[in-house]
Amino acid sequence: MLSSFVAKRLVTRMCQAAWRPAIAGMGSSRGYRGDAPDDSRIDLIEIPLPPWPERTDEPIDIKRRRLLYESRKRGMLENCILLSIFAKQYLNTMTYSQLQQYDRLINEPSNDWDIYYWATEAYPTPEVYQGEVMDLLKEFTKNRNHEQRLDAPSLEYLEEESKKEMPSGQEMCTEFQKEMTSRLVYVRGIIMET
Amino acid sequence: MATVRAASRLLSKRVLSRAKAVPAAAVQGSRNFHFSIYGKKKSAKVSDDISTQYPVVDHEFDAVVVGAGGAGLRAAFGLSEAGFNTACVTKLFPTRSHTVAAQGGINAALGNMEEDDWRWHFYDTVKGSDWLGDQDAIHYMTEQAPAAVVELENFGMPFSRTEDGKIYQRAFGGQSLKYGKGGQAHRCCCVADRTGHSLLHTLYGRSLRYDTSYFVEYFALDLLMDDGVCKGVIALCMEDGSIHRIRAQNTIIATGGYGRTYFSCTSAHTSTGDGTAMVTRAGLPCQDLEFVQFHPTGIYGAGCLITEGCRGEGGILINSEGERFMERYAPNAKDLASRDVVSRSMTIEIREGRGVGPEKDHVHLQLHHLPPQQLASRLPGISETAMIFAGVDVTKEPIPVLPTVHYNMGGIPTNYKGQVIDHTNGKDKVVPGLYACGEAASASVHGANRLGANSLLDLVVFGRACALTITDLHKPGEKLTPLKPSAGEESVANLDKLRFANGSLRTSEIRLNMQKTMQNHAAVFRTGSVLKEGCDKMDDVYQSMENIKTFDRGIVWNTDLVESLELQNLLLNAVQTINAAEQRKESRGAHAREDFKDRVDEYDYSKPLEGQQKKTFDQHWRKHTLSYVDPKTGKVALKYRPVIDSSLNEQDCAHVPPAIRSY
């Protein structure tokens, strides 16, 4: 059964009034812009995007799975690495309200660079995103232990965590898988005949 | 049976998926899930034809765009504006596409900073491509550039302005005036440092006003081909694991590049060549995949770009002996030599054993000899990035760097109108119903080497070109030809196979093997023997996919499954790249071979042409590579296609005959 929020998500339409919160920080630019004049940001005001739909009745584990995908797949490499390592460290132990904060932080801003600038404290974080999770992210970004963050971690850690929860799960999986494969072959066989 | 029920209870307790894990048969014929038909304009039908395990939802549109980056959004917007019922399938939220990383700008000969002419831009691009670019497509792109930029501005993109109120344009590498004789040109239009983001935001926002349907966080699996005609795409909805067949008269592929085949690339983890792989699986060719652009300084491992501005401020490259090795390779320019010269020098140092680190596989970029205030004020971003991704304090230690994959010049071959072509019996033949634009396509405007700030231009012009071509050839509301009920079955079978794969090699291991092979054998430094070894190793990695092991058996938000699908796509791109590179026995643009250092054209352009015998098509290399792969065996077949040398209108803009490329 698919809730209405999925429907809304699928076919995004322009909503009348609201627009995304204006992104704060008109300070000096961080990226390479050479000697180009300042950014007027008119497009963000005149072309408002539909408001970010907050999911209120999503089960917590589905939320975690979704946020994992959304942490690993970002607009630029810096965020991909930063957020996927952050997710590895914190996602599975976050409470529901922390997950909601994180969801808003990584999904509501339209420019991925902004998240990077707030995490590195190049620009001040807008009030709506300030909170426990943002503080965790800022602290994490500082890399006080001078770890080498070479790449997004592989997903093995999830597998190890799931093994700890369900020690006999592996056998179950194999049995289940065999059953599934044979059923699929059976079902496919029927289709091929028709 | 009891084991299965126990398993299903355990799995459903973990809520891996809302009852998807329960096989249909175990629940006595009743279905635990059902698909509601949600707010579509045409009715979406649930069909059981492929498998009861994966119910399929069918949709009908006039056009479907795969990918919502700069090119995809421009195409979707163009089509919606023209009244076509358009769908856009994307695995990411549109403003999170990789285009957002672009901070440079868009080249256009507007002539705001000095007198300019698009024909000079045309000349620069043809020369930049090392005469492998199709001049009709380059003519189209450079001529349309000013109109495209003005159009974007009218849509609401706030380009940076000069004091007079005209669009501000700045200098960028490779752009000159008066056919290379008039000095540096200033043609790059930008929106401060967020040109990419602004482009996405503007196009996405505008397209919604025209009622474009976005399928966000849907992973496109394959094209629906019927007898050589493209009839749509089949995609996996990550939200609930349902399969969607989106049928359309016109399909546009704008999925971006495939930087992730290499160990070190500046691209996000989303650049996995999904579109080029889909086209390969459909039996169609990909063009010029061996041309991969390398940027000299990307952070080792992470691959994040360290701007050339560092070296401009005084940063130097150091090898294991502490030597400033660029003095040997480029005595005058030293560390500021052109990108491909620096990349090649770094690679030679590493290959000769003077690399740094435990595996001696990178070099150092030293900045700590510069005053700390200078670092803080002029290169603030670098200090941050180095600390975050390399754990290095730039005021004390050097940054580990490596030539890093930055852009893919090759892709799906198209004509200048954006239609995908195949080459049979020596002629180009349009594939009906299929279009491509952006980095995923090869029109080919970049040829063997891309100039900076031409990529965003490419996205916008060819995204618009696809929309215009479709508007010319079709009408909204055209009846769709029938589709076989079992179309897309193989994609679902593949999905299922991957979901339950239980071999011995993890996805991450196979991916690392592929990336290391490509990095070691098909990087900047390419020699016959190294490439051949790489082709064999790549073949082994491809075969090892049979042995893949995934651990997440769910279907809802299954990141492991998506990453495995992406790995399949990456492998198809990788085998074509390395095989095409091995076959091309010359050096041209970004493809530099140590054993064949020169360009091999039909004439030797370094000498006068009279008295020279023209080489036959088989004897020279000024031609496009077309590569096909048999997905089951991983075997690559190569064909060649001539470069288009004439512009669209010789009176208006004469083509540029090949010459020796020197700057």
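A residue counts as buried when its relative accessible area is under 20%. With that in hand, let's work through this predicted model.

**Exercise 1.** Find which residues of helix α7 of chain A are buried, and explain how they are placed around the axis.

*Solution.* Start with the stretch itself: α7(A) covers residues 132-142. Applying the cut-off there picks out Val133(A), Met134(A), Leu137(A), Lys138(A), Phe140(A) and Thr141(A). These residues span an arc of only 165° around the axis, so they lie on the same side of α7(A). Now step past the end of the helix: Asn143(A) follows, and its phi is positive, near 55°.

**Exercise 2.** Work out how helices α4 and α12 of chain B are oriented to each other, and what kinds of residues make their contact.

*Solution.* Helix α4(B) spans residues 135-155 and α12(B) spans residues 454-473; their axes come within 9 Å and cross at roughly 90°. Angles from 65 to 115 degrees count as roughly perpendicular, and therefore α4(B) and α12(B) are roughly perpendicular to each other. Among the residues that meet are Tyr140(B), Met141(B) and Leu152(B) from α4(B), and Leu457(B), Phe462(B) and Arg464(B) from α12(B). Sorted by type, the contact residues of this pair divide into twelve nonpolar, two polar and three charged.

Terms used. Residues numbered from 1 in each chain as written. Chains lettered and ligands numbered in written order. Predicted model: local features only at pLDDT ≥ 70, side-chain atom pairs only at ≥ 80, totals over all residues. Heavy atoms only, no water. Buried < 20%, exposed > 50% of the residue type's maximum accessible area, 1.4 Å probe, protein only. Helix = DSSP H or I, 4+ residues; strand = E, 2+ residues; numbered from the N terminus. Arc of directions from axis to C-beta. Axes fitted to C-alpha atoms, helices over the stretch in contact; angles between N-to-C directions. Parallel < 35°, antiparallel > 145°, perpendicular 65-115°, else oblique. Contact = heavy atoms within 4.5 Å. Nonpolar A, V, L, I, M, F, W, Y, C, P; charged D, E, K, R; others polar.
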